[in-house]
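Below is a set of questions and answers for a reader meeting this structure for the first time. Please look at the sequence and the model before reading on.

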Amino acid sequence: FISATPVHIIVAEKKITLVEINFLCVSDKYRTKRLAPVLIKEITRRVNLENIWQAVYTSGTLLPRPFCTTRYHHRNINLQKLLDVNFTHLNPKLNLSRAKQIYKLPKELTILGIRKMQKQDVKAVYKILNEYLKKFQIKAYYSEEEVEHWFLPRDKVVYSYVIEDNNEEITDFLSFYLLPSSILKHHSHKTLYAAYSFFNVPNKYTIKDLFKNALILAKNLEFDVFNALDIMDNESCFKD
């Protein structure tokens, strides 16, 4: 399998239409038969037929020549489960009860006016998202239609929240998506529920406020771990 999804990015103020290549996978029994280049060649042919001539992709290995490299950071939520399945390990200087205390999150949100994104919020989210992304040299561009498609909440897929001020105007936005993983050869745990940070737009509140509340929301939704890349403004939150 291989997929190519049309996307728009802005590089040095120029909008480019290209595709994001993703989900390249080959069944175990067909590995080492040079099928990946065949899939890439075929998806390239199909994309070219749509008059699109460029693509972006990510790789876990360093391929020449990336315009960006990034690293995932993990924030433990369900520490006991993560230890049970060897997703993480305790620092030798920490005992379990102390570690649980460190990773403990409040049940109640710290931001007033936070609620699930709804269809009538699409215009406002479109506006503040693209305004926020202007500060970056290379950024994604989302049309209103794409904002609706990618961000409207869907259970077990994507989780998006807006923050309203007293005038019922949307000031901030936060989102994350679910990427579950199968846990093999464990007697009780079968699935690891990971939340991946998507797009967060600080305005009235700081990016740290948004991340803290995203963690609380993820915990209340029974996620096990929260992951984020050190891109955009994310890195400023990691130490805290």
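Q: Is Asp 28 buried or exposed?
A: This is a predicted model, and the values here are computed from it. A residue counts as exposed when its relative accessible area is over 50%. Asp 28 has 61% relative accessibility, so it counts as exposed.

Q: Which side chain does Asp 28 meet in a salt bridge?
A: The N to O distance of this salt bridge is 3.4 Å.

Q: In which helix do Glu 42 and Arg 45 both lie?
A: The side chains of Glu 42 and Arg 45 meet in a salt bridge, at 2.8 Å from N to O. At 28% relative accessibility Glu 42 is partly exposed, and at 45% Arg 45 is partly exposed too. The two are three residues apart, about one turn of the helix, and both lie in helix H1 (residues 35-49).

Q: Which residue is linked with Glu 42 and Arg 45 in a network of salt bridges?
A: A search of the whole structure finds 13 salt bridges. The salt bridge between Glu 42 and Arg 45 belongs to a network with one further residue, Arg 46.

Q: How many residues apart are Lys 208 and Asp 240?
A: Lys 208 forms a salt bridge with Asp 240, with the closest N and O atoms 2.9 Å apart. Lys 208 lies in helix H6, while Asp 240 lies in the segment after helix H7 (235-238). The pair links distant parts of the chain, and the separation is 32 residues.

Q: Which element supplies the largest share of the largest nonpolar core?
A: This core has 23 residues, and those touching the most other members are Ile 114, Tyr 161, Leu 174, Phe 176, Ala 218, Phe 223 and Phe 226. Strand E7 (158-164), strand E8 (170-182), helix H6 (207-220) and strand E10 (225-229) each supply at least two of its residues. The largest share is seven residues, and it comes from H6.

Q: What is the area of the nonpolar surface patch made by Val 11, Phe 67 and Ile 138?
A: One member, Phe 67, is found in the loop between strand E3 (55-56) and strand E4 (72-76). Phe 67 counts as exposed because its relative accessibility is 60%. Together with Val 11 and Ile 138, Phe 67 makes a patch of about 280 Å².

Q: Which strands stand at the edges of the open four-stranded sheet?
A: The order of the sheet is E3-E2-E1-E6, with mixed pairing. An edge strand has a single partner strand, so one of its sides is left without a neighbour in the sheet. The edge strands are E3 and E6 (138-141).

Q: Which residue in E6 does His 8 stand opposite?
A: Strand E1 (residues 3-11) and E6 run antiparallel and are joined by four bridges. The residue in E6 opposite His 8 is Tyr 141.

Q: Which residue has its backbone oxygen 3.0 Å from a polar atom of the side chain of Ser 3?
A: Ser 3 is found in strand E1. Its relative accessible area is 14%, so Ser 3 is buried. The backbone oxygen at 3.0 Å belongs to Asn 22.

Q: What is the phi of Thr 32?
A: Most residues other than glycine have a negative phi. Thr 32 is found in the loop between strand E2 (14-22) and H1, and at 82% relative accessibility it counts as exposed. Although Thr 32 is not a glycine, its phi is positive, at about 65 degrees.

Conventions
Residues numbered from 1 in each chain as written. Predicted model: local features only at pLDDT ≥ 70, side-chain atom pairs only at ≥ 80, totals over all residues. Heavy atoms only, no water. Core = buried A, V, L, I, M, F, W, Y, C linked by side-chain atoms within 4.5 Å. Buried < 20%, exposed > 50% of the residue type's maximum accessible area, 1.4 Å probe, protein only. Patch = residues over 30% accessible without salt bridge, like charges linked within 9 Å, V, L, I, M, F, W, Y side chains within 5 Å. Areas by Shrake-Rupley, 256 points an atom, 1.4 Å probe, with all protein chains shown as cover. Salt bridge = Lys/Arg side-chain N within 4 Å of Asp/Glu carboxyl O. Pairing = 2+ DSSP bridges. Polar contact = N/O pair within 3.5 Å; in protein donor to acceptor, adjacent residues only side chain to side chain.
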